[in-house]
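Colleague: I'm new to this one and would like to learn how to read it. Could you take me through it, feature by feature?

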Amino acid sequence: YLKISKLALAFAIIHSKPPGKSCKEYTEHLAKTVSKQDFAWKLKVEVLEAEVLRLRQELLLNKICPRFCLENDASAETLLDQGCVNPMSYSSQLEDSGCDVSNDYAFDSLGIASDVYQSEHNVDPSKHWLERVLPLNLRCTSKEEYLRAPVQFLQHLLQIKKLSEGGVLQADFTELENDSFTLCNSVSQLLDGLTVFYNSSKFPVSNFLTEAVCVLSRLMTDTKLSNHVLKKCFKKLEEFKKNLIQIILRNSSVNRFQALHAVSHTLVLLGRNNILRNSLISLLLSEVRQFAEQLQQAHQIQAMYDVTQYENIFPLCMILEQLLQNETEESNISRSDYDGEEKVKFVKNLDQIILHLSDEFPLFSLYLWRVSVLLNSAQMQ
């Protein structure tokens, strides 16, 4: 049947071929026409799927908190109905020098606790969060809009929770259990969008990307909402962390250090969640250990090593050090996840590796030693 169909198609092409064109040229023309039609259908399907997700998001938000259910502030209903300006009041513009980071995007060490995150805890939630309610405008028309949809949905979710805790709104978050699909898809879409943005490494970084990272951080540090996310999206989050680590290791562009800084910042923010922190520490221990062993082998036989990867390993060491410091300070957090196999592998022969590498690679050896000290201090606590 397949042979007959191909033969019939060949005869049809030959008979319908316009004068002045060969059969090959006409066939290629028909193939391009068909592929364009397929691509158009795929785009239509994607638009419809995005619209379905948008409607599910809106329906879920209305189930959690009907907009007319406002108790303490009459103006709150007006703000919820009419919406207000997108709260991207802070700048994340980075100087495109490869070295310097502007004050608007300044972080402590790897970006911990920037002003925008600290400000969340210094104001009256019944007023500040009410002022930041966004209009639910989730239609996707571009690549940035594709990321904007889950950001705005999750932002609404976080703000409704803050308002409900402040007594301004009544909200029923048990609806998240009944419609975990919408929450899971929204988080997955956010993680995929961030991965695409970080892979592109375009600077200066837009305010919107900073807002997306802010939303992800707030989502993962909110105890109740993060529990819902971890139930359904733990594998996706693990994949996201692995992707970010590989983006750091494989980035070979000349002007890459601000990009590595931004990705490192996101990884440290994810490490604020205790469950994600433990698994992230395990991943980082594994990557740093493997590179140290490879570098030692190359040094012993006087072979060439990847200088770019050597430069890129330092952000991972800095992230690891920051997370271990947080673990040491929070003595009530369980460390069983990385006190096992990965820690044993990392500590094994570490003194010998440091001894062999200390003369030619003193900075990397110092980082290895600092990590080992933090691991030992955590164990003693």
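Colleague: What does the protein average in pLDDT?

Modeller: pLDDT is the predictor's confidence in each residue, from 0 to 100. The protein averages 77, and 74% of the residues score at least 70. Over residues 68–141 the pLDDT is below 50, although that stretch has 156 contacts in the model beyond near neighbours in sequence; contact means heavy atoms within 4.5 Å. Residues 332–336 are also below 50, with 10 such contacts. Where pLDDT is low, the predicted coordinates should not be read in detail.

Colleague: How many helices and strands does the protein have?

Modeller: Helices (H or I, at least four residues) and strands (E, at least two) are DSSP runs, numbered from the N terminus. Here there are 16 helices and 0 strands.

Colleague: What share of the residues is buried?

Modeller: Buried means under 20% relative accessible area, exposed over 50%, and partly exposed in between (1.4 Å probe, protein chains only). Of the 381 residues in the protein, 46% are buried. Thr210, in helix 9 (residues 207–221), is one case: it is buried, at 7% relative accessible area.

Colleague: Which residues have the most contacts inside the largest nonpolar core?

Modeller: A nonpolar core is a set of buried Ala, Val, Leu, Ile, Met, Phe, Trp, Tyr and Cys residues joined through side-chain atoms within 4.5 Å. The largest one has 80 residues, and those with the most contacts inside it are Leu194, Tyr198, Met220, Leu316, Phe364 and Leu368. Helix 10 (residues 223–250) gives the largest share, 11 residues. Because domain 1 (37–64 + 142–271) and domain 2 (273–329 + 339–380) both give residues to this core, it lies between them; the domain bounds come from an automatic or database domain assignment.

Colleague: And the aromatic rings? How many aromatic pairs does the structure hold?

Modeller: Rings of Phe, Tyr and Trp (its six-membered ring) pair if their centres lie within 6.5 Å; planes under 30 degrees apart count as stacked, over 60 as edge-to-face and the rest as tilted. The structure holds 9 aromatic pairs. Tyr305 and Tyr310 are edge-to-face, 6.0 Å centre to centre with 70 degrees between the planes. Tyr310 and Phe314 are edge-to-face too, at 5.2 Å and 85 degrees. Those two both lie in helix 13, 4 residues apart, about one turn of the helix. Tyr305 is partly exposed at 30%, while Tyr310 is buried at 14% and Phe314 is buried at 12%. Ring pairs link Phe291, Tyr305, Tyr310, Phe314, Phe361, Phe364 and Tyr367 into a cluster.

Colleague: Last one: where is Gln302 found, and is it buried or exposed?

Modeller: Gln302 is in the loop between helix 12 (274–300) and helix 13 (307–329). Its relative accessibility is 65%, so it counts as exposed. Gln302 has a positive phi of about 55 degrees although it is not a glycine. Asn349 also has a positive phi, about 60 degrees, without being a glycine.

Conventions:
Residues are numbered from 1 along each chain as its sequence is written. Side-chain values use heavy atoms; hydrogens and water are left out.
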